[in-house]
Amino acid sequence: MLPLKDPRVGILKAMAHPVRLGLVETLASRRLRVGELANLFPVDRTTISKHIAILREAGILETVREGREIYYRLAMPCLSDLLGCLRRMTR
C-alpha cells in the first residue's frame, strides 16, 4: 500500500500545467534565465517566475549562479525519460 504523503504525487502535480510542463521540457536540454524563458511562452515574466517557484519547491528545478546571472536547469534529469515516454505514448 502506498503512503498517503507520496512525494511523487507532488512532483507530478507540479508539472500538471501546460506552462510548467513546457518549462521542464525546455530546461531538460539547456539552462536559461527567467527572461529567456519568458520569451518562449505566451505569459509574462511574473507568471513564469511563479511557475518556476512551484517547480523549484517540488525539487524539479534548481538554480545556477554565474556572477549576477541566475540560470535555471532541471534538477531531475530522469524526468526527460518520463516526458519522452509520455510523448511517444500520446502520439
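Helices are taken here as DSSP runs of H or I with at least four residues, numbered from the N terminus, and on this basis Ile54 of the predicted model is placed in helix α4.

The secondary structure of the protein chain amounts to 5 helices and 2 strands, and the order of these elements, read from the N terminus, is α-α-α-α-β-β-α. The radius of gyration of the protein chain is 14 Å, which is close to the 12 Å given by the globule rule for 91 residues, so the chain is as compact as a globular protein of that length. Along the principal axes, the C-alpha atoms of the protein chain fill a box of roughly 45 × 30 × 20 Å. Among the contacts in the protein chain with a separation of 6 or more, 50% are accounted for by residues 24 or more positions apart.

As to burial and surface, 33% of the 91 residues of the protein chain count as buried, while the accessible surface of the chain comes to about 6,400 Å², with 56% of this area belonging to carbon and sulfur atoms.

In soluble globular proteins, nonpolar side chains tend to be buried together. The largest nonpolar core of the present model contains 22 residues, of which Leu23, Val24, Leu37, Ile48, Ile52, Leu55 and Ile60 touch the most other members. At least two residues of this core are supplied by each of α1 (7-15), α2 (18-27), α3 (34-38), α4 (45-57), β2 (69-74) and α5 (79-89), and the element that gives the most is α2, with 4 residues. For Ile48, which is among the core residues that touch the most other members, the contacts computed beyond its neighbours within four places in sequence are with Val19, Leu23, Val34, Leu37, Ala38, Phe41 and Val43.

Ile54, likewise a residue of helix α4, has a relative accessibility of 37% and therefore counts as partly exposed, given that this class lies between the limits of under 20% for buried and over 50% for exposed residues. When residues up to four places away in sequence are not counted, Ile54 touches Ala14 and Arg20. Towards Arg68, which lies 14 residues apart from Ile54 along the chain, the separation of the C-alpha atoms is 23 Å.

Key
Residues are numbered from 1 along each chain as its sequence is written. This is a predicted model: local features need pLDDT of at least 70, side-chain atom pairs count only at pLDDT 80 or more; totals for chains, interfaces and linings use all residues. Side-chain values use heavy atoms; hydrogens and water are left out. A nonpolar core is a set of buried Ala, Val, Leu, Ile, Met, Phe, Trp, Tyr and Cys residues joined through side-chain atoms within 4.5 Å. Buried means under 20% relative accessible area, exposed over 50%, partly exposed in between (1.4 Å probe, protein chains only). Contact means heavy atoms within 4.5 Å. The radius of gyration is taken over C-alpha atoms; the globule rule is 2.2 Å times the number of residues to the power 0.38. Accessible areas come from the Shrake-Rupley method with a 1.4 Å probe; for residues, only the protein chains shown count as cover.
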